[in-house]
Amino acid sequence: MLVGRDGERDHVERSLGQASSGRSAALVVRGEAGIGKSALLDHAVATAQGMRVLRGVGIESEAELAFGALHLLLYPYLDRLDLLPGPQAAALRGAFGLSSDAATTPFLVGAATLTLLAELAAEKPLLCVVDDAQWLDRGSSDALLFAARRFQADPVVMLFAVRDTAVPFHTPGIEELRLPGLSPDAAAGLLDHHSPGLTAPMRARVLEEANGNPLALLELGAARLAAQREGRAEPAHQVGPLPVTRRVQETFREQIVGLPETCQSILLVAAADRFAGMDTVLCVARAVGADTSDLDAAERAGLISVADGELTFRHPLVRAAAYQCATHHQRIAVHRAFAEASPARTSSTAGHGTSLRPPPSRTRRWPPSSNAPRYGQNAVAGPWPCPPRTTAPGD
Ligand SMILES: Nc1ncnc2c1ncn2[C@@H]1O[C@H](COP(=O)(O)OP(=O)(O)OP(=O)(O)O)[C@@H](O)[C@H]1O
Ligand SMILES: [Mg+2]
């Protein structure tokens, strides 16, 4: 249930209303981590009465897989490909590996996406929601933005959520809605609902530190409430210019440093390579003296979940915190273990070899070239494209 955000809700609901009167709308919701972009998209989905909803998402670890996100979004409707003009259908089939037609032009994939979505909208008004668009692979983002810019008299609403990152994700020609922090009243309401019983000074402090960021209100509030109940001293945070995501990350760091050392080690391993499968993580973890069972404490603390052989951090900031909690020496050891565990893969893709070299000059452009893989866009700590470092997400 959304607290506050009256203006933003109205904005989104107006866009949905346009579709019911047969017109299209496209909106990019932007803001820092935890500010409530996904929550607003969820609200749109919940209020999209009578609309067909397509949900897509940029997945950080798939940002290099050409057309992966588009495939995820359109997969249920591939049986409609025959409705498309031949070259467009062929382009999408080629993009999705359904034919040996590999020479796919971005224009044709964009045009095919536009036509397919318009066909669907002709059956029923369409809401297409794409979360974490900053992690879309290039082919998918080009096609979806191409389509979003061209709908006119189609009952289609396209909503994108884009997190502010060090490398901006541009969406020219599409209306933007920037999410600020919650209003003071809404922030206080959210905090009081989730962390009732904070002392007045502590409550005031959380409100000040969170600066209206809902994730910060939830996480800082919960951490302070737990500290208060257990009679622990309040963590000494500096109030001032520290970005709010850093504060949330510090909260995660406090939780991580309270875990057993071997648990911290395996978290560091998992955090150090976002592309590593569970097998590799365990293999590297063993090399640094940890094992599967060491994950239990982190799972119990709710910092990670493990399902279907995949380890997921509760939030990208947990991953960043796990990486940054470690010393430089520990990080080097983990990257070296990765490089030894899988030399071919790590030198070419994950950057563990790179990370053993001294950091690049601070003035060097990062990522190094426009051809560089885009998965570093979120700038959450990690070995590629970043060398071992201690800066925070968004720096
Ligand atoms: N207006 C709101 N009222 C109540 N809870 C909210 C509100 N906005 C966000 N939240 C909650 O705050 C947390 C962070 O919000 P959300 O996940 O939407 O952020 P985000 O901007 O999508 O972050 P990220 O960039 O990490 O994806 C979630 O638990 C969400 O449910
Ligand atoms: Mg989100």
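Predicted model: local features only at pLDDT ≥ 70, side-chain atom pairs only at ≥ 80, totals over all residues.
**Stop 1: the ligand**

Select ligand 1 and the residues around it. The shell holds 19 residues, and Gly 36, Lys 37, Ser 38, Ala 39 and Pro 214 are the closest. Now colour the shell by residue class: ten of its members are nonpolar, five are polar and four are charged.

Next, show the secondary structure. At least two shell residues come from each of helix H2 (37-47), strand S4 (156-163) and helix H9 (214-229). Then colour domain 1 (6-178) and domain 2 (184-241) separately. Ligand 1 lies between these domains, because both of them give residues to its shell.

**Stop 2: helix H7**

Select residues 184-194, which form helix H7, and pick out Ala 187, Leu 190 and Leu 191, its buried residues. They span an arc of only 95° around the axis, so they sit on the same side of H7.

Asn 211 is a residue other than glycine, yet its phi is positive, near 55°.

**Stop 3: the largest nonpolar core**

Select Leu 117 and Val 156. These are the residues with the most contacts inside the largest nonpolar core, which has 58 residues. Helix H5 (residues 106-123) gives this core its largest share, ten residues. Apart from this core there is another, of 48 residues, including Leu 215, Ala 290, Val 318 and Ala 337. As a general point, nonpolar side chains in soluble globular proteins tend to be buried together.

Return to Leu 117 and ask which residues it touches beyond its neighbours within four places in sequence. Its contacts there are Leu 126, Cys 128, Ala 147 and Val 156.

Helix H5 also contains Ala 122. Ala 122 is partly exposed, with 13 other C-beta atoms within 10 Å. Select Asp 154 as well and draw the C-alpha to C-alpha distance from Ala 122: it is 7.4 Å, although the two residues are 32 apart in sequence.

**Stop 4: Phe 67**

Move to the loop between strand S2 (52-57) and helix H3 (68-74), where Phe 67 is found. Phe 67 is not a glycine, but its phi is positive, about 70°. There are 23 other C-beta atoms within 10 Å of Phe 67, so it is buried.

**Stop 5: helix H12**

Finish by selecting residues 278-287, helix H12, where Thr 280, Val 281, Val 284 and Ala 285 are buried. Look down the axis of H12: the buried residues line one face of the helix, because they fall within an arc of 135°. What do the buried residues of H12 pack against? Their partners are helix H11 (261-272), strand S7 (310-313) and helix H15 (328-341). After H12 comes Gly 289, with a positive phi near 85°.

Terms used:
Residues numbered from 1 in each chain as written. Chains lettered and ligands numbered in written order. Near = placed C-beta within 6 Å. Helix = DSSP H or I, 4+ residues; strand = E, 2+ residues; numbered from the N terminus. Nonpolar A, V, L, I, M, F, W, Y, C, P; charged D, E, K, R; others polar. Domains from an automatic or database assignment. Buried ≥ 20, exposed ≤ 12 C-beta atoms within 10 Å, placed from the backbone. Arc of directions from axis to C-beta. Core = buried A, V, L, I, M, F, W, Y, C linked by C-beta atoms within 7 Å. Contact = placed C-beta atoms within 7 Å.
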